[in-house]
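Please find below a colleague's note on the model, arranged as numbered points. It is meant to be read with the coordinates open.

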Amino acid sequence: MPANSSNEKGYFEDLDIYHLNEQILSSYGRTWDSLYPFEVVKNDFLKREIQAIYRQKFEHCSVSVIKDPRISVLFPIWQEALRELNVQSYAVIMLRKPVEVADSLKRRD
């Protein structure tokens, strides 16, 4: 995901994974900033989509990292899809100072 006026250094997120996660969120009537929780139910089509994109991007990698904040709410379906590929998955939670996040969102929005 390229840089823009909101983030001049760039986002370092894969656009294909971004679009897939947006599609998944949309299928549940959600967006990245939906405030109310929801359960990601078993969905074989979405799991196959995750598996296809994972194979495309990381099939020949012994270690891979996906940076996309949307996975914070979609991790259960990603984890299940990757488990079926015999890929161990772990979540790394990055923390930022809340004031920095608020300042960033204020500048952007």
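1. Basis of the note. This is a predicted model, in which local features need pLDDT of at least 70 and side-chain atom pairs count only at pLDDT 80 or more, while totals for chains, interfaces and linings use all residues. Residues are numbered from 1 along each chain as its sequence is written, and side-chain values use heavy atoms, with hydrogens and water left out.

2. Confidence. The protein chain has an average pLDDT (the predictor's confidence in each residue, from 0 to 100) of 88, and 100% of the residues score at least 70. Among the elements, the highest mean pLDDT, 95, belongs to helix α2 (residues 44-58), and the lowest, 86, to helix α4 (residues 98-108).

3. Fold and dimensions. The secondary structure consists of four helices and zero strands, where helices (H or I, at least four residues) and strands (E, at least two) are DSSP runs numbered from the N terminus. Read from the N terminus, the order of elements is α-α-α-α. The C-alpha trace spans about 40 × 30 × 20 Å along its principal axes. Of the contacts (heavy atoms within 4.5 Å) with a separation of 6 or more, 59% are between residues 24 or more positions apart.

4. Of the 109 residues, 25% count as buried, a class defined as under 20% relative accessible area, with exposed meaning over 50% and partly exposed in between (1.4 Å probe, protein chains only). The chain exposes about 8200 Å², of which carbon and sulfur atoms supply 54%; accessible areas come from the Shrake-Rupley method with a 1.4 Å probe, and for residues only the protein chains shown count as cover. The mean positions of the 15 positive and 16 negative charges lie 3 Å apart, with Lys and Arg counted as positive, Asp and Glu as negative, and His and the chain ends not counted. Each charge is placed at NZ of Lys, CZ of Arg, CG of Asp or CD of Glu.

5. The largest nonpolar core. A nonpolar core is here a set of buried Ala, Val, Leu, Ile, Met, Phe, Trp, Tyr and Cys residues joined through side-chain atoms within 4.5 Å. The largest one has 17 residues, and those touching the most other members are Leu20, Ile24, Ile50, Leu74, Ile77 and Trp78. The elements giving two or more residues to this core are α1 (15-27), α2 and α3 (71-84), and the largest share, six residues, comes from α3. Ile50 is in contact with Leu20, Ile24, Ile77, Trp78 and Ala81, leaving aside neighbours within four places in sequence. As background, nonpolar side chains in soluble globular proteins tend to be buried together.

6. Met1 counts as partly exposed because its relative accessibility is 25%, whereas Phe12, at 65%, counts as exposed. Not counting residues up to four places away in sequence, Met1 touches Gly10, Tyr11, Phe12, Glu13, Leu15 and Tyr18.

7. Backbone points to check. Which phi values are positive in residues other than glycine? Asn86, in the loop between α3 and α4, has a phi near 60°, and Phe12, also not a glycine, has a positive phi of about 60°. Asn86 is exposed, since its relative accessible area is 73%.

8. The loop between α2 and α3. Ser64 lies in the loop between α2 and α3 and is partly exposed, with a relative accessible area of 26%. Apart from neighbours within four places in sequence, Ser64 is in contact with Tyr54 and Phe58; the C-alpha atoms of Ser64 and Tyr54 are 9.5 Å apart.

9. Phe75. This residue has its place in helix α3 and counts as partly exposed because its relative accessibility is 22%. Beyond neighbours within four places in sequence, Phe75 is in contact with Ser89, Tyr90 and Ala91. Between Phe75 and Ser89, 14 residues apart in sequence, the C-alpha to C-alpha distance is 9.4 Å.
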